[in-house]
Amino acid sequence: MNLSFTILIPLIPLSVFLILGILSQEIKPAVSGYIGVFGLFVSTILSYFTAYQYFFVFGKLEGVYQTFTQKTVWMNFTDTLHIDMGVLIDPISVMMLIVVSTISLMVHIYSRGYMKGDDGYTRFFSYLSLFTFSMYGLVLATNLFQIYIFWELVGVSSFLLIGHYYTKPSAVAAAKKAFIVTRFADLGFLIGILIIGFYTSTYDFETLNNPEGSAILNWASGSFMGLSILTWALILIFIGGAGKSAMFPLHIWLSDAMEGPTPVSALIHAATMVVAGVYLVARLFPMYYFVEDGFALNVVAFVGAFSSLFAAVIAVTQTDIKRVLAFSTMSQLGYMMLALGVSGYDGHEGVGYMASMFHLFTHAMFKALLFLGAGSVIHAVHSNFLKDMGGLRKYMPITNITFLIAALAIAGVPPFAGFWSKDEILVAAFEHNKLIYFIGIFVAGLTAFYMFRIYFGIFWGKETKYKHAPHESPVSMTFPLMVLAFLSIVVGFIPFSEFITADKAGFEAHLNYPLAAAAVGVGLIGVGLAYLFYKKENDLAERFSEAFGSFYVWTFHKFYFDEIYLFITKKILFQRVSWPIAKFDKKYVDGTMEGIGNKTVFISHKIKGLQSGKFQDYAFALVSGVVVLALVFIYFLNY
Amino acid sequence: MTLDSFSFMRHEILLLAVIILLLIAEIFIPKNKKSNIVHLVVLLFGVHTVVGIFPMGEESLFGGMFRTNNLIHFFKNVLNIGVFILLLQSTDWIQEKIFSQNRGTEFFLLLFSSLLGMYFMISAGDFLMFYIGLELSTLPVAALTAYETSKRISSEAGIKFILSAGLASGTALFGITLLYASSGSIYFDDIMQLIASDNLTILAFILFFTGLAFKISLVPFHFWTADVYEGAPISVASYLSVISKGSAVFILMIMLFTVLKPLMHIWENLLYLIALATMFMGNLFALRQQNMKRFLAYSSIAQAGFILLGMVTGTQLGTATVVYFVMIYIFSNLAAFGVVQAISLKTGRENMNDYEGLYRTNPNLSLVMMLALFSLAGIPPVAGFFGKFFLFTAAASKGYYLLVFIAVVNVTISLYYYLLVVRAMFIRTNESAIPYFKNKIYMRLGLIIAAAGILVLGLYSPLYDYIYELSSSFCGCDL
């Protein structure tokens, strides 16, 4: 099968980015919106076509999905170690193509309404295209270095989009924070890549992931501090992934990133870029699983489980609806990580891997929907805070219904999408590690609770006195909501285990009724509590938060993590370390350099007389140059 | 040799045809429509460039006087593309300033004659052909330098150029005579066999070397450069700095690596010394320049010093890196001169402080200029970085670590003055900044092609591999 057309999928958004970027002054905003949507529409069609071809027509060989690659060598180091550029088609990359295309297309359509009248309308669309291009490049990457390049590109476009309102200091600060924190994590990623390059002498995913390949078989070839070197490399790579996926303790940027326009939050900080970390671990899953009996994978599992719990607790107390959703995202990403962490490899053992990808898929749909719904609400009331909302169901019926569907989906109520994927995750966790299972099920309850807390807070409860009566958003915004709501209902019925599994062979998944019942029960308890607390105005919630006392305060302040980071960087790093070094640098290093520079300028001043402007002098220089050179080379340097 | 063999002179014959067609057109086009001839020029030369690109084999014609191979063919194409960009950039100036004096067509005739000379020079298989090519490439440029007859500085530049060129080519001819005296032949192939490293040959070589060193503006044969660039019309300065210099570098490299290979122990040291002197002189003088044309003159002297780093190696790697670097240098310098040309034409301003605040008024021009300067300075990811990086790699692979170190120091110095211009454009503000203006289509096209070249050449790695492959095709590299 000729896959060369798949290269167009990333190239179309790239060209849209270039066109909009270069002609930003000359294109009318309305036109640029159409160009962006149309470009992405073509990419989406191509992605769906690829998916259809791959999953149903030619992807399978003897029951196993094959990996197809097309690449050219871009930079050659040795015969085996080279950086390629190309596309890799396998089940998870194709699945990600669908996720990125669907969400990005919906967000593009939505943004035409949401960003209307914004000064940076064209700029916004060009950055959206840049992001989409980078994300496609990331999921299609054939090797570690290519994924790293696009990894940084999505980081940059995230930075640009968070800082879209660049006149607002808080947005600028948030953009910087997101970039620096993830960049810091990427340092780990880069070191991991270099270690892998050094010890396995390849960057290629196919070679690295081959369970019978030398990279996996020889994992024990070097060790460092009691662990295999490859385990260290995988942990470092996971640090990069944890930075992008906002895992504890690198999560601090995600909630601030909500300063960006809401469509951006839906696209980047809910559905696509933040799952890049999960995707990275899944991409290298055979390595994680086989190297040192999955030590690094256990790290993934526990970091994921802890982040999931930690974020869910914080989400309960936040009052900014976008931040609630941000912490919810972090919590769900933790879910995906823990599912990968508890997964096996062969057949039904690999249910965790499948569940993680499944949850990634369903979560993308309903979380994007939640964000876009929140955006629709914010668009109507011009505020992010719960206190400015309430009783909106009468004014915004479509937003209300779609938001409810998404909330039911994330709460794990059957038959909505979240139920199916969450159930598989809990099954995997139950079979592997009971502690993680109990964390998981507790988080499921919390999720249902905080999600319905904001649902009731926004659409029910006491009606705030609105200055202007809020009204439903335009069709360009409600259409994506309805599409995503539809998807949030149906995608749960996709038999994922037949398509995407760790060993690519496919297996039959069954509902585990006791576990499913427990999960649904916990979820319903959460919904019920939220109903009691927030459906009608009452003081139950306040009494409860008082009962929790200082724990509530700590949670409300996100356990003071921002403050801890600030203390470490400002008080310790900047004052004790950076300042003295900077001083030394200024005084001695710069001093020396400036001295040399001044001398250079001085010399150039001194010799300017050589260029007299008289031809006689030039001729003299030429002739004497010849004579001197001839003499020197005949009599002195002639050997 | 058969009649078919003339197809190996495709470039020369086509260009000659272009020249003759222009002569005819000059006669028949009425006076008031004459300025339209630039379209014809662009069209004809465009066709010439495109046709030239089709592949060609290796051949030696006229008993070895004329030869061609893949690398030579490739380099002629590079020169063609360079001249094409130059034409695009200079049409506005010619239409506005020169045709009013009814002397437009001659400009192109002279330019193409000079280019024709270069073709013959780099395809030469013996010293006679080489010398004729050298003269044919130089003499029309003297007329071009003095083309703005209304300006005294232009005439002065013309005089300085013709006198310097005469001196240099006379010296080179004397060198060729002595080479003939010592070897008894003027054919490259014979000389390669017969040459011995005696004192007469060394003297002959150094005299001969002067002729090309003058064209490349190597120290101490560089003094004419700044004065001529400053006085000449900008297109001509641009031509001198890229096309003329590029072809001279190429033929010098071929000569050194093949014919004069037996003298390698001499020219290694010679190039080493001259590289040092050239880099330092170019950079130190460039530091203080205010006039953009003089600034670019010294910058191009310094760049020539860097080129010698690749040439000193005498290997296939060296050949490939030099050709690659020269190609990038052509694009970068054309972009820089193009911007200077555009601004000078619209406003008549040529000083560095005139560029202050340019980014605010003319962002696109500033971006092109910035790309060009970054490329000249060797800042990644633009092509200039890769060009310099490969040159240094080539020199280091032969063990010239000290030379590479000094070159890096010089890159640092050059960074300073290149960034001075960037700072003026982007950071400084000026109340009397050059106002916004829109370039005509040819100029814009010329700038865009040059800028695109700067970006693409560095990132498209198969090109370098291709040049490397071609470099093996010409003899002498594996000696």
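Where is A:His382 found in chain A? Let's begin there, and then visit the other close-up views of this predicted model.

**View 1. A:His382, a residue with positive phi in chain A.** A:His382 sits in the loop between α16 (351–381) and α17 of chain A. Its phi is positive, about 60°, although A:His382 is not a glycine. Is A:His382 buried or exposed? With 12 other C-beta atoms within 10 Å, A:His382 is exposed, because a residue with 12 or fewer such neighbours is put in that class.

**View 2. B:Phe62, a residue with positive phi in chain B.** Here we move to the loop between β1 (59–61) and β2 (66–68) of chain B, which is the place of B:Phe62. B:Phe62 is not a glycine, yet it has a positive phi of about 50°. As for its surroundings, B:Phe62 has 13 C-beta neighbours inside 10 Å and so counts as partly exposed.

**View 3. A cis peptide bond from A:Pro414 to A:Pro415.** Look for the pair of prolines in chain A: the bond from A:Pro414 to A:Pro415 is cis, and its omega is near 0°. A:Pro415 belongs to the loop between α17 (397–411) and α18 (417–432) of chain A.

**View 4. A cis peptide bond between B:Val219 and B:Pro220.** In chain B, B:Val219 and B:Pro220 are joined by a cis peptide bond with omega of about 0°.

**View 5. Helices α18(A) and α22(A) packed together.** The axes of α18(A) and α22 (residues 513–534) of chain A are 10 Å apart, and the two helices pack at an angle of about 120°. That angle makes α18(A) oblique to α22(A). Their crossing is right-handed. To find the contact, look on α18(A) for A:Lys422, A:Asp423, A:Leu426, A:Val427 and A:Phe430, which meet A:Leu515, A:Ala516 and A:Ala519 of α22(A). Sorted by class, the residues of this contact are six nonpolar, no polar and two charged.

**View 6. B:Glu26 in helix α1 of chain B.** Helix α1 spans residues 10–28 of chain B, and B:Glu26 lies in this helix. B:Glu26 has 15 other C-beta atoms within 10 Å, so B:Glu26 is partly exposed. How many residues along the chain lie from B:Glu26 to B:Glu106? They are 80 residues apart, while their C-alpha atoms are separated by 8.8 Å.

**View 7. Where chain A touches chain B.** The contact draws 25 residues from chain A and 28 residues from chain B. On the side of chain A, the elements that give two or more residues are β3 (68–76), α25 (561–606) and α26 (615–636). Which of the elements gives the most to this side? It is α26(A), with eleven residues. By class, the side of chain A that touches chain B has 17 nonpolar residues, seven polar residues and one charged residue.

View 8. Of its 639 residues, 53% count as buried. Among contacts in chain A between residues at least 6 apart in sequence, 80% join residues at least 24 apart.

Terms used. Residues are numbered from 1 along each chain as its sequence is written. Chains are lettered from A and ligands numbered from 1 in the order in which they are written. This is a predicted model: local features need pLDDT of at least 70, side-chain atom pairs count only at pLDDT 80 or more; totals for chains, interfaces and linings use all residues. Two residues are in contact if their C-beta atoms, placed from the backbone, lie within 7 Å. Helices (H or I, at least four residues) and strands (E, at least two) are DSSP runs, numbered from the N terminus. Ala, Val, Leu, Ile, Met, Phe, Trp, Tyr, Cys and Pro count as nonpolar, Asp, Glu, Lys and Arg as charged, and the others, Gly among them, as polar. A residue is buried if 20 or more other C-beta atoms lie within 10 Å of its own, exposed if 12 or fewer, and partly exposed in between; C-beta atoms are placed from the backbone. Axes are lines fitted to C-alpha atoms, for helices over the stretch in contact, and angles run from 0 to 180 degrees between N-to-C directions. Angles under 35 degrees count as roughly parallel, over 145 as roughly antiparallel, 65 to 115 as roughly perpendicular and the rest as oblique. A crossing is left-handed if the near helix is turned anticlockwise from the far one by less than a right angle, and right-handed if clockwise.
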